[in-house]
Each structure stands twice: as C-alpha cells, then as structure tokens.
There are 2 protein chains.
Amino acid sequence: MKESEIEESNQLNLQFDKRGGLLPVVVQESETGDILMIASVNREAVDRTLETKKATFWSTSRNKLWVKGETSENTIWIDEILVDCDQDALVYKVRLEGDGVCHTKNKLGVHRKSCFYRSLNPDSKELTFLEK
Amino acid sequence: MKESEIEESNQLNLQFDKRGGLLPVVVQESETGDILMIASVNREAVDRTLETKKATFWSTSRNKLWVKGETSENTIWIDEILVDCDQDALVYKVRLEGDGVCHTKNKLGVHRKSCFYRSLNPDSKELTFLEK
C-alpha cells in the first residue's frame, strides 16, 4: 500500500510490521480530554478492544495481552478509536469505571486517575505533583 | 533508583535506557485538549525543548533531531511538560503557530491540525474522516 493510500484512505491498514508488531496508544478521557496513560498494542489487542469495547493492551513487561481492569476493577470503556496519518499510532477515547488507570496511589490510598500526575519545571528541572 | 522513587519523587529521572534511548511523547493542544500527534524523544530532544520552548523530537525515519516548524513554519510552543509514573512517557501541552502539525493536507490544501483525523468504525473496521 502506497503512503498516500495509508494517509487518505478509509481502509484500515495499521502498520504493525513497520514498528516491530507494537504501536503506541494514547488513552484519553472523552469527557475531560485528560490524557490518562500511554501503552502499546499489537494486532490482537486492537481486535479484542474492538470486540469487547474494553481497552486492551499488550503488556511489554509481562509479554501478554492485558485487559485493563481484569484484576483491578478499573475497567476502561472505549467510546471511540482514532488512527493517525501513518496508521502507526492510536488514540483510545474512553470513560473510566473505578478510580483511575494508574497503578500508583495518591495520599488517600486511591489509584490516581492519570499516570501523568507530575509537571516538569523547565527551570529547576524538578517535578511538581499536580494533585492537591 | 528504586521504583517507588521514580514514581513518588520530584526528581526527574527519565528512563531512556529502559526504552532503548527513546520515549514516546504525546502532543496535546492546551486550549482544546485535542491530541495532535505522537512522536519520540531522546534526551537531547527533551533538553532542547526545555531550552527553546519549541517542541523538539527525534525523527526515527531521518535519525536526527527534529525541531517542529523548522521547515514548515508550523512551530509548536510548549506550555507545559507532563511526566508519567514510570518516567518513560511524556505529554507536551502546547499551542500551535501555523495551521497544524500534520504533514498531510486536507481538501483545501491546508496542513491538518492533528494527525488523528480519522475514526475507526468498530463494526465495519473502516476509517471515517472527522473533517468537514
């Protein structure tokens, strides 16, 4: 498939081969626009996500399919999937069930909603916690 | 550095080594929350971004530092940088100068604002263009 066909076509042709079998996916909360996490997907994870509407990834640390919420009750339900120009990156637009997607917990012992809970100060190069 | 220190510290310790020198970065428009693109950064790209406030990446296709807007006049100005729990992914919150970040153009011949201009239909598995 030519580059222009990948970019301007309505045919799905995700470029897994180009990226060693894994593509990055950004998980974004539909309601707020907050970015919750970045993960990886292989073809099987995308197919499973389309079938079940539950955000499914490929865990690069455990080398297995990873259905978010399977063990934590923090399921991520898919509203929409966006595909980029090169068809080598995805956005999952989602709604959360449970507290949050992050495996870390805040001071109250609750899973943080987003993995992006720190901001990088450009001057000091230190991290500032965004949570109250 | 221990995992808990990476997750709960205000010290910046980006995990480039863990990911072969490159981390994914999501570019998000501050004003709208729209996700514009996903790219890669190495340490040099992050340092340059912090210095210049211009979103800078590592081009994996050209194998060189890539200052967005250098050739296209579509500069991306940094408002804020977020770092995830594992310190192996970033969000650039930005404002755009110029039409958009995508190298593709819409029917009017204008660079698309976001690379994510198509939605994946879960039933037909075809792509729908989001632009009017």
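This is a predicted model: local features need pLDDT of at least 70, side-chain atom pairs count only at pLDDT 80 or more; totals for chains, interfaces and linings use all residues.
## Chain A at a glance

Let us begin with the overall layout of one chain. Chain A has 2 helices and 8 strands, and along the sequence they come in the pattern α-β-β-α-β-β-β-β-β-β. Taken along the principal axes, the C-alpha atoms of chain A fill a box of roughly 50 × 40 × 30 Å.

How much of chain A is buried? Of its 132 residues, 47% are buried. There is also a figure for contacts across the sequence: among contacts in chain A between residues at least 6 apart, 40% join residues that are at least 24 apart.

## An annotated stretch

UniProt, in an unreviewed entry, lists residues 37-117 of chain A as "domain: Phosphoribosyl-AMP cyclohydrolase".

## Helix H2 and its buried face

Now for a closer look at one helix. Which residues of helix H2 in chain A are buried? Helix H2 covers residues 43-52, and its buried residues are A:Ala45, A:Val46, A:Thr49 and A:Leu50. Viewed down the axis of H2(A), these buried residues fall within an arc of 135°, so they line one face of the helix. The cover over them includes strands S2 (35-41), S3 (56-59), S4 (64-67), S5 (76-83) and S6 (90-96) of chain A, and strand S7 (118-120) of chain B is also part of it. Just after H2(A), A:Lys53 takes a positive phi of about 65°.

In H2(B), the buried residues are B:Ala45, B:Val46, B:Thr49 and B:Leu50. They too fall within an arc of 135° when seen down the helix axis, so they line one face of H2(B). These residues pack against S2, S3, S4, S5 and S6 of chain B, together with S7 of chain A. Just after this helix comes B:Lys53, with a positive phi of about 65°.

## Where the chains meet

The size of an interface is often given as the accessible area lost when the parts come together. Here, the area buried between chain B and chain A is about 4,000 Å², and carbon and sulfur atoms give 60% of that. The contact takes 47 residues from chain A and 47 residues from chain B.

Polar partners are part of the picture as well. Across the interface, 28 residue pairs are in polar contact, counting pairs with both residues at pLDDT 80 or more.

## Salt bridges between the chains

The structure holds 16 salt bridges over all chains, and the count between chain B and chain A is 4. One of the pairs is A:Glu8 with B:Arg112, whose closest N and O atoms are 2.9 Å apart. This pair crosses from helix H1 of chain A to the loop between S6 and S7 of chain B. A:Glu8 is partly exposed, at 37% relative accessible area, whereas B:Arg112 is buried, at 5%. Salt bridges that share partners join A:Glu8, B:Arg112 and B:Glu131 into one network.

Another pair is B:Glu8 with A:Arg112, also 2.9 Å from N to O. B:Glu8 lies in helix H1 of chain B and A:Arg112 in the loop between S6 and S7 of chain A, so the pair joins two chains. B:Glu8 is partly exposed, with a relative accessible area of 38%, while A:Arg112 is buried, with 4%. The side chains of A:Lys125 and B:Asp47 also meet in a salt bridge, at 4.0 Å from N to O.

## A salt bridge within chain B

Where do the partners B:Glu29 and B:Lys113 sit? B:Glu29 is in strand S1 and B:Lys113 is in the loop between S6 and S7, so to speak distant parts of chain B, 84 residues apart. The closest N and O atoms of this salt bridge are 2.7 Å apart. B:Glu29 counts as buried at 10% relative accessibility, and B:Lys113 is partly exposed at 30%.

Terms used:
Residues are numbered from 1 along each chain as its sequence is written. Chains are lettered from A and ligands numbered from 1 in the order in which they are written. Side-chain values use heavy atoms; hydrogens and water are left out. UniProt positions are given in the numbering used here, feature names are shortened, and annotations may be inferred rather than shown by experiment. Buried means under 20% relative accessible area, exposed over 50%, partly exposed in between (1.4 Å probe, protein chains only). Helices (H or I, at least four residues) and strands (E, at least two) are DSSP runs, numbered from the N terminus. The arc is that of the directions from the helix axis to the C-beta atoms. Contact means heavy atoms within 4.5 Å. Buried area is the accessible area (1.4 Å probe) that two parts lose on being put together, summed over both. A polar contact is a pair of N or O atoms within 3.5 Å; within protein, one must be able to donate a hydrogen and the other to accept it, and residues adjacent in sequence count only if both atoms are side-chain atoms.
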